[in-house]
Amino acid sequence: MIYLDNAATTPLEPAVLETFTKVYESFWANPHSLHKIGEKAEQLLEQARSQVTDLLGGSGYQAIFTSGATESNNLAIKGIAEIHKARGNHFITTNSEHPSVDQVLTYLESQGATVTRLPVGTDGTVTEEQVERALTEKTVLVSIMMVNNESGAINPIKEIAAMMKNHRALFHVDAVQGVGKIPFSLKESPVDLLSLSAHKFFGLKGSGVLILRERQRLAPQMIGGGQEFDLRSGTADVPRAASFAKALRLATENLPAKLAEVTRLNAILRESITTIDGVQINSPERGSPYILNCSVNGIRPETVLHGLVNEDIYISTVSACSSKKSELSPIILALTGNEERAKHSIRISLSHKTTELEIRRFLEIFRSTILTLR
Ligand code: PMP
């Protein structure tokens, strides 16, 4: 099998599963129980929490464990919207966000909020100047993703965070396709809220985090026993929290070397794909090397996909999150302005475990599949 759909999800790292099993066996008690075994579980939960913020290089931040980035994004955006209702009702985002950000903002619009969706440029990103021009006294939150899940475009998070330093609005970043793949530190990019999902970096599914500044108020979306600092009720899942920290540690270990190797493989892909007749690359040159999006003119993406499946090769058409809803990728449309390209886009996504042999074999089959289908 050649798996090139790592932006959709990654397999579980055996060491992460081992952490999960071991912690579950020994620390299954409720961390909120006041007895000895409860306290031990609580210690482990707090250890995982601080490991996560330490790995992200942030002091003055805390991690809230969630069920994934969809929940983290919902909690961040709705949580801030509700708490700041009296001060303002304006939000800034881009026209290329993941549905778990975009749809939440659409919901808030239906409740009376105003949302500015900044158009991305031909490289799929927005600039800090665009954000600055859109900010008003009524802006409560800016939500911009770090790396686009379809195109790999990388937004200037550090620059936006620096520009927003003296503004009252908060800055939320959906970092799902960035953290664990490209270098990031909260010290360099002091954003206010950050969403992560473990299954994108070889961790467990149903395991996410929302990072926020200590003492940042947020309206909880899950109300009950008051766990996770009153921000997300429900018995804490200690084994999952420990596994999140483990997966993040493994993902960020030797990151520069892993990134260099993926960059090298991406260059091989790019160079070869540009020589295939009728195939155009949509991903910006300076985007994340983990994602390469291209359009195959005149052939339906599903047909290309199935041709590859027959050879045990797995890629994506539009992202897994929106693949059932639309025949056209709004992200690629926003980036290229070309409907045909947006209708015919496919996504090849790598991980640090992808090998050159796999890439060469993929290119061979990809080329011959397209020739056969033409
Ligand atoms: N944001 C981005 C950019 C994503 O790629 C995804 C997953 N496709 C999510 C958010 C949602 O993550 P999850 O499905 O783990 O909740």
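Two strands count as paired if DSSP finds at least two bridges between them. Helices (H or I, at least four residues) and strands (E, at least two) are DSSP runs, numbered from the N terminus. L141 has L170 in β6 as its bridge partner. From β5 the chain passes through helix α6 (residues 157-163) to β6, a right-handed β-α-β crossover. Right-handed means that, with the strands pointing away from the viewer, the path from the first strand over the helix to the second runs clockwise.

The model is predicted: local features need pLDDT of at least 70, side-chain atom pairs 80 or more, while totals for chains, interfaces and linings use all residues. Residues are numbered from 1 along each chain as its sequence is written, and side-chain values use heavy atoms, without hydrogens and water.

I then checked β3 (residues 90-94), which is parallel to β5 and joined to it by three bridges. H90 pairs with T139 of β5. Is β5 enclosed or open? Five of the five residues of β5 (139-143) are buried, so the strand is largely enclosed by the rest of the structure. Buried means under 20% relative accessible area (1.4 Å probe, protein chains only).

Next I looked up the ligand. An oxygen atom of the ligand is 2.6 Å from a side-chain N or O atom of S197. For K200, a polar side-chain atom lies 2.9 Å from a ligand nitrogen. Polar contacts here are N or O pairs within 3.5 Å. α3 gives the most to the ligand shell, with three residues.

How values were computed
Buried < 20%, exposed > 50% of the residue type's maximum accessible area, 1.4 Å probe, protein only. Polar contact = N/O pair within 3.5 Å; in protein donor to acceptor, adjacent residues only side chain to side chain.
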